[in-house]
Amino acid sequence: TSNSKFNSSLRKIEEPIAGVPSSAGPQWREFHIGMFEIGKPLGKGKFGRVYLAKEKKTGFIVALKTLHKSELVQSKIEKQVRREIEIQSNLRHKNILRLYGHFHDEKRIYLILEFAGRGELYQHLRRAKRFSEEVASKYIFQMANALSYLHKKHVIHRDIKPENILLGIDGEIKLSDFGWSVHAPSNRRTTLCGTLDYLPPEMVEGKEHTEKVDLWSLGVLTYEFLVGAPPFEDMSGHSATYKRIAKVDLKIPSFVPPDARDLISRLLQHNPEKRMSLEQVMRHPWIVKYKDSWTRKSSESS
Ligand SMILES: CCc1cccc(CC)c1NC(=O)n1cc2c(c1)/C(=N\C(=O)c1ccc(N3CCN(C)CC3)cc1)N=N2
């Protein structure tokens, strides 16, 4: 049955994390649900729920994400889950949510994830309506840092949006949900679902795409942090948004300061080759002008 096929493929990925120092968190070889005390539910998504959990032996706090195999098989996303596990298990960066390991039982797959103490960035953005320039530039700097690490490993995230970003206990960005990530270059094979808001022209046109897709999404993210809504808002259905993205029909409100406007427009370029590089983003005047203030604040708080 597809279930046993799925199980056998999962076992193939079950590589113990060799050589990583034990200080880097739990280094279990084999995991099972009995190892954890399950705490309160933290959130739920389309395919899974996530719970606060404590590993009994060490007291290590994690977020345990459960996915129902039946749902995965039905919606044909077991490939994406396998890729999510493969890619995220091997990433080590302070702004990327760790995947410590995974295991499964008859009905479910469990992902043992790093616990991000301040929850979903999406909730913070909705509550604040929009972020101050200082907060927005700190988050964009950390996103550029995380993406630069990913792109050096030729990994494209492809699904950068507030819903996939968590905040650690010190308010630092934790990029998560690698379900759509792939190794560059790539052609999408799975039908797009959910909002088009963040997708670059080459993806909505189904063309071949490279890491540059994440640069476009970083531009959309910067816009949404400062304005409170994405630039090509999915108001009247996909077709209108599709046209606005393809035409880069971008209107930046006048309250957005000139240097932020400059950063956004250099990222939202139709031609992927013309988009500003991550190194340039991290050196951009709008990012640099606040850098010493957030580094000073974080040293005060820590
Ligand atoms: C299954 C849920 C899901 C579906 C799809 C995509 C994603 C990634 C964002 C996820 N979440 C996921 O994988 N997650 C992995 C995680 C994770 C979610 C998480 N923390 C929280 O969700 C969370 C929520 C609220 C919270 N509080 C809210 C109230 N505040 C006053 C105090 C702090 C504190 C932490 N830590 N690792």
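Strand E2 gives the most to the shell around the ligand, with three residues. Strands here are DSSP runs of E with at least two residues, helices are runs of H or I with at least four residues, and both are numbered from the N terminus. The model is predicted, so local features need pLDDT of at least 70 and side-chain atom pairs count only at pLDDT 80 or more, while totals for chains, interfaces and linings use all residues. Residues are numbered from 1 along each chain as its sequence is written, and side-chain values use heavy atoms, with hydrogens and water left out.

The shell around the ligand holds 19 residues, and the closest are Ala63, Lys65, Glu114, Ala116 and Glu163. To count as near, a residue must have a heavy atom within 4 Å of the molecule. Some of these residues also make polar contacts, meaning pairs of N or O atoms within 3.5 Å. Lysine 65 places a polar side-chain atom 3.1 Å from an oxygen atom of the ligand. Glutamate 114 uses its backbone instead: an N or O atom there lies 2.8 Å from a nitrogen atom of the ligand. For alanine 116, a backbone N or O atom likewise lies 2.8 Å from a ligand nitrogen atom. Taken alone, the ligand exposes 760 Å², and the protein buries 73% of that. Such areas come from the Shrake-Rupley method with a 1.4 Å probe.

Two or more residues of the shell come from each of strand E1 (36–44), strand E2 (48–55) and strand E3 (61–68).

Next comes a helix. Which residues of helix H9 are buried? In H9 (residues 258–267) they are Asp259, Ala260, Leu263, Ile264 and Leu267. Seen down the axis of H9, these buried residues fall within an arc of 140°, so they line one face of the helix. The arc is that of the directions from the helix axis to the C-beta atoms. An α-helix has 3.6 residues a turn, so residues three or four places apart point the same way. Buried means under 20% relative accessible area, exposed means over 50%, and partly exposed lies in between, using a 1.4 Å probe and protein chains only.

Two loop residues remain. Most residues other than glycine have a negative phi. Histidine 154 is not a glycine, yet its phi is positive, at about 55°. Histidine 154 lies in the loop between helix H5 (133–152) and strand E6 (155–156), and is partly exposed, with a relative accessible area of 48%. Arginine 158 also has a positive phi, near 75°. Arginine 158 is in the loop between E6 and strand E7 (165–167), and is buried, with a relative accessible area of 7%.

Definitions and conventions. Polar contact = N/O pair within 3.5 Å; in protein donor to acceptor, adjacent residues only side chain to side chain.
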